[in-house]
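This briefing goes through one protein chain, grouped by topic. Please have the sequence and the model at hand while reading.

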Amino acid sequence: MLQLPELDQDFRDSGVGLLFHSAGKGAGMRMALGRHKISLYLPLALLVVLCACGPGMSAPRGSESQGGRLQVVSTVSPITDIVYNIAGDHIDLSGIVPEGVNSHTFEPAPSDAIKLAQADLIFINGLHLELPTLKLAEANLKEGAEIVLLGEQAVGPDDYIYDFSFPKEAGNPNPHLWTDPIYALKYAEIVRDILAAHDPDNGDDYRANYARFAARIQSLDAAIQATTASIPVENRKLFTYHDSFPYFALRYGYTVLGAVQPADFSAPSAQEVAALIEQLRAERVPAIFGSDVFPAPVLEQIGREAGIAYVDTLRDDDLPGMPGDPDHSYIGLMVENLKSMAGALGGDPTLMESVGK
Ligand SMILES: [Zn+2]
């Protein structure tokens with residue numbers, strides 16, 4: 001029997017914090033702005049429709065009716081894109097976290113329960129990013145199906161990064177491994193091996209697709225290194241909307257100064273903003289970064305008052321452009337991020353143009 005999502009849940013990670021930490025400089029500052037509890041209520045009519053929903057209705061059909069194609073579910077868009085790069089059209093793939101939605105607070109819908117119940121393979125980032133989805137997947141897992149936690153398979157606990165948004169005390173490592181392209185490639189390798197094990201007939205294609213993807217990731221990695229080298233060393237600092245880039249920063253030698261995390265409806269106090277402005281000025285940061293998915297009026301305000309450029313085009317899990325556009329991909333996401341960073345931090349964004357998307 002289909003398990004539906006729970007109706008009333010705390011939004012995980014909905015604690016709103018205004019965060020600033022100076023890597024390697026001792027005491028940081030954290031301003032927590034309180035927690036919100038948000039209740040979800042499913043409309044009764046929707047439940048009735050779902051309960052009446054039998055095979056052959058709008059829900060995706062089982063693998064039998066798809067000529068044996070693997071039914072695969074993934075979560076955030078970069079992972080969906082990585083799976084697509086390896087699988088091509090050999091599988092039926094459904095990414096369930098809509099773009100432009102905060103993946104940390106995403107709650108799967110009843111329609112996602114159907115997809116999860118019919119999936120042969122479920123690729124999840126893991127590292128506690130998509131707990132409600134993982135729980136629902138486990139509750140509905142069909143016989144022979146497999147849930148793959150890419151983060152946990154890609155790295156061991158020694159490589160986990162904890163920071164102000166993801167403090168060690170809370171037990172949730174920073175989950176954004178894929179912002180380091182070498183980890184993204186590791187994800188692709190895991191996907192290749194799992195797909196080949198479940199669908200050996202297409203194993204050669206999965207291996208060939210992986211080889212092509214690996215070449216593009218290597219070109220991306222080289223371009224990021226060259227672009228980073230064009231940014232003055234003292235400017236390689238990131239103060240962002242959300243702590244998404246610690247693995248990226250570690251690989252390429254950026255300092256993560258901190259993040260403002262606004263799922264927030266209460267603005268920080270004038271004193272908090274003033275303190276941040278002072279610290280950002282002391283760091284001589286040329287720019288601070290926001291994102292469409294996490295609108296941050298406070299970042300804009302801090303930028304304005306500190307006389308620091310505010311660039312709101314970084315992204316970590318919604319892909320640039322529209323589906324079908326050449327840059328609507330994981331690699332496109334990284335290229336656009338580096339162009340934004342280089343443009344704002346005094347580097348050469350055109351160095352990213354060598355990357356084939
Ligand atoms: Zn995130």
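Predicted model: local features only at pLDDT ≥ 70, side-chain atom pairs only at ≥ 80, totals over all residues.

Which residue in β4 is the bridge partner of Val73? The partner is Ser94.

**Overall make-up**

- The chain contains 11 helices and 10 strands.
- Of its 357 residues, 46% count as buried.
- Taking contacts between residues at least 6 apart in sequence, 67% join residues at least 24 apart.

**The four-stranded sheet**

- Four strands form an open sheet in the order β4-β3-β5-β6, and their pairing is parallel.
- The edge positions belong to β4 (residues 91-95) and β6, each of which has a single partner strand, so one side of each has no neighbour in the sheet.
- On average, neighbouring strands in this sheet are turned by 20 degrees against each other, direction ignored.
- Strand β3 (residues 70-74) pairs with β4 over 5 bridges in the parallel sense, and the Val73 to Ser94 pair bridges to β4.
- Helix α2 packs on the sheet and touches β3, β4 and β5, and the direction of α2 makes about 170 degrees with that of β4.

**Ser77 in helix α2**

- Ser77 lies in helix α2, which spans residues 77-87.
- Ser77 counts as buried because 25 other C-beta atoms lie within 10 Å, and the cut-off for buried is 20 or more.
- Leaving aside residues up to four places away in sequence, Ser77 touches Gly95, Glu99, Asp317, Asp318 and Leu319.
- Ser77 and Ile96 are 19 residues apart in sequence, and their C-alpha atoms are 8.5 Å apart in space.

**Helix α4**

- Helix α4 covers residues 131-140, and its buried residues are Thr133, Leu134, Leu136, Ala137 and Asn140.
- Viewed down the axis of α4, these buried residues fall within an arc of 165 degrees, so they line one face of the helix.
- The buried residues of α4 pack against α3 (110-118), β5 (121-124) and β6 (146-149). Both of these strands also belong to the sheet with the order β4-β3-β5-β6.

- Helix α6 (residues 181-198) packs with helix α7 (residues 203-229) at an angle of about 180 degrees, and their axes are 10 Å apart.
- The two helices α6 and α7 are therefore roughly antiparallel to each other, the cut-off for that term being an angle over 145 degrees.
- On the α6 side the contact includes Pro181, Ile182, Leu185 and Arg192, and on the α7 side it includes Tyr206, Tyr210, Phe213 and Ile217.
- By class, the residues in the contact of α6 with α7 are 13 nonpolar, 1 polar and 4 charged.
- The axes of α7 and helix α11 (residues 330-345) come within 11 Å and cross at roughly 5 degrees, which means that α7 is roughly parallel to α11.
- In this contact, Arg216, Leu220, Ile224 and Thr227 of α7 meet Ile331, Met334, Leu338 and Ala342 of α11.
- The contact of α7 with α11 divides into 6 nonpolar, 1 polar and 1 charged residues.
- Leu220 of α7 is listed in the contact with α6 and also in the contact with α11.

**Two residues with positive phi**

- Leu127 has a positive phi of about 50 degrees, although it is not a glycine.
- Leu127 sits in the loop between β5 and α4 and counts as buried because 21 other C-beta atoms lie within 10 Å.
- Arg284 is not a glycine either, and its phi is positive at about 55 degrees.
- Arg284 sits in the loop between α9 (270-282) and β9 (287-289).
- Is Arg284 buried or exposed? Arg284 counts as exposed because it has 10 C-beta neighbours inside 10 Å, and the cut-off for exposed is 12 or fewer.

Key: Residues numbered from 1 in each chain as written. Axes fitted to C-alpha atoms, helices over the stretch in contact; angles between N-to-C directions. Parallel < 35°, antiparallel > 145°, perpendicular 65-115°, else oblique. Contact = placed C-beta atoms within 7 Å. Nonpolar A, V, L, I, M, F, W, Y, C, P; charged D, E, K, R; others polar. Arc of directions from axis to C-beta. Pairing = 2+ DSSP bridges.
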